[in-house]
Amino acid sequence: MTTLLVQLTDTHIREPGKLAYGRIDTAPYLREAVKSILRMKQPPAAVVMTGDLVDFGRPTEYAHLAELLEPLKIPVYLMPGNHDDRHALRRSFPGHTYLGTGEFVQYAVDIEGVRLLALDTSVPGRSEGMLCERRLAWLAQELQRSRGMRVIVAMHHPPFKTFIGHMDKIGLQSGSDELAALLAKHDHVQRVICGHLHRAIDARFGGTIASTSPSPAHQVCLDLSPDAPSMWTLEPPGFRVHVWDAEGPVVTHLAAIGDFPGPYPFHENGALID
Ligand SMILES: [Fe+2]
């Protein structure tokens with residue numbers, strides 16, 4: 001059996017009609033993403049949202065998010081990013097009991113043979129992220145417990161340098177080396193999936209692969225300079241699709257959001273050309 005896990009990230013939902021950065025209404029973009037997910041030929045088993053779910057961590061924004069996600073009739077696993085508020089998130093989604101009650105929103109859920117470990121990198125009131133000893137101790141324990149399973153670790157701030165200057169300045173400020181050392185001891189970790197960057201980026205990390213995902217709305221400009229200014233663009237939006245079967249590696253795709261012409265067969269004048 002093939003299992004798909006969709007990763008949505010950085011949806012930055014505002015109250016209905018409010019624009020992010022005075023310019024973009026993120027809600028219709030999430031609506032399009034949901035439509036694209038519902039159009040997928042193989043329906044995903046679940047969706048994981050790797051943070052910056054809303055723009056200011058307000059209950060009214062989370063209520064709007066819940067409304068926008070409602071057409072997805074599959075489990076949606078929520079994680080906080082630097083724009084979120086852990087308490088408002090939990091209060092707004094009381095049915096999402098996996099969010100727990102501890103200081104950090106960290107949890108383990110099993111999705112058809114793969115264990116998803118959500119790691120909380122957010123720091124209240126700060127754009128930067130961190131991993132402290134307590135968060136890493138939880139991960140160490142969960143990695144030990146999940147030996148023999150395939151594991152995906154999810155976190156908002158990527159643990160690697162992206163070379164986009166302004167984003168690295170608000171990246172993961174601590175715990176990255178410790179995380180790499182921990183993951184290197186666990187070869188059952190298939191991948192580390194992240195948000196925050198609003199772009200698709202992949203890097204080798206801790207003996208596994210770490211990646212970020214585009215946003216369903218706005219993207220961070222591809223400016224790979226240390227002094228890159230903080231700018232965004234409306235490049236085509238997307239999401240990640242992580243896929244696996246009964247055994248073997250987790251494979252990750254990049255999906256574009258939208259309704260495009262096609263599909264067409266690889267045929268010309270009755271002959272197969274591919
Ligand atoms: Fe974001």
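User: As what does Glu32 count at 30% relative accessibility?

Analyst: Buried means under 20% relative accessible area, exposed means over 50%, and partly exposed lies in between (1.4 Å probe, protein chains only). At 30% relative accessibility, Glu32 therefore counts as partly exposed. This is a predicted model, in which local features need pLDDT of at least 70 and side-chain atom pairs count only at pLDDT 80 or more, while totals for chains, interfaces and linings use all residues. Residues are numbered from 1 along each chain as its sequence is written, and side-chain values use heavy atoms, with hydrogens and water left out.

User: Which side chain meets that of Glu32 in a salt bridge?

Analyst: Side chains of opposite charge can pair when their charged atoms come close. A salt bridge is a side-chain nitrogen of Lys or Arg within 4 Å of a carboxyl oxygen of Asp or Glu. Here the partner of Glu32 is Lys35, at 3.1 Å from N to O. Lys35 is partly exposed, with a relative accessible area of 43%.

User: Where do Lys35 and Glu32 lie?

Analyst: Helices (H or I, at least four residues) and strands (E, at least two) are DSSP runs, numbered from the N terminus. Both residues lie in helix 1, 3 residues apart, about one turn of the helix.

User: How many salt bridges does the structure hold?

Analyst: There are 15. One of them joins the side chains of Arg14 and Glu61 (3.7 Å, N to O). This pair links distant parts of the chain, 47 residues apart: Arg14 is in the loop between strand 1 (3-8) and helix 1 (26-39), and Glu61 is in helix 2 (residues 59-69). Arg14 and Glu61 are both buried. Glu61 also forms a salt bridge with Arg58, the closest N and O atoms being 3.9 Å apart. Salt bridges that share partners join Arg14, Glu15, Lys18, Asp55, Arg58 and Glu61 into one network.

User: Which residues are buried in helix 4?

Analyst: An α-helix has 3.6 residues a turn, so residues three or four places apart point the same way. In helix 4 the buried residues are Arg135, Leu136, Trp138, Leu139, Glu142 and Leu143. They cover an arc of only 155 degrees around the axis, which puts them on the same side of helix 4; the arc is that of the directions from the helix axis to the C-beta atoms.

User: Which exposed residues does the face turned away from the buried side of helix 4 carry?

Analyst: That face carries Glu133, Arg134 and Arg145.
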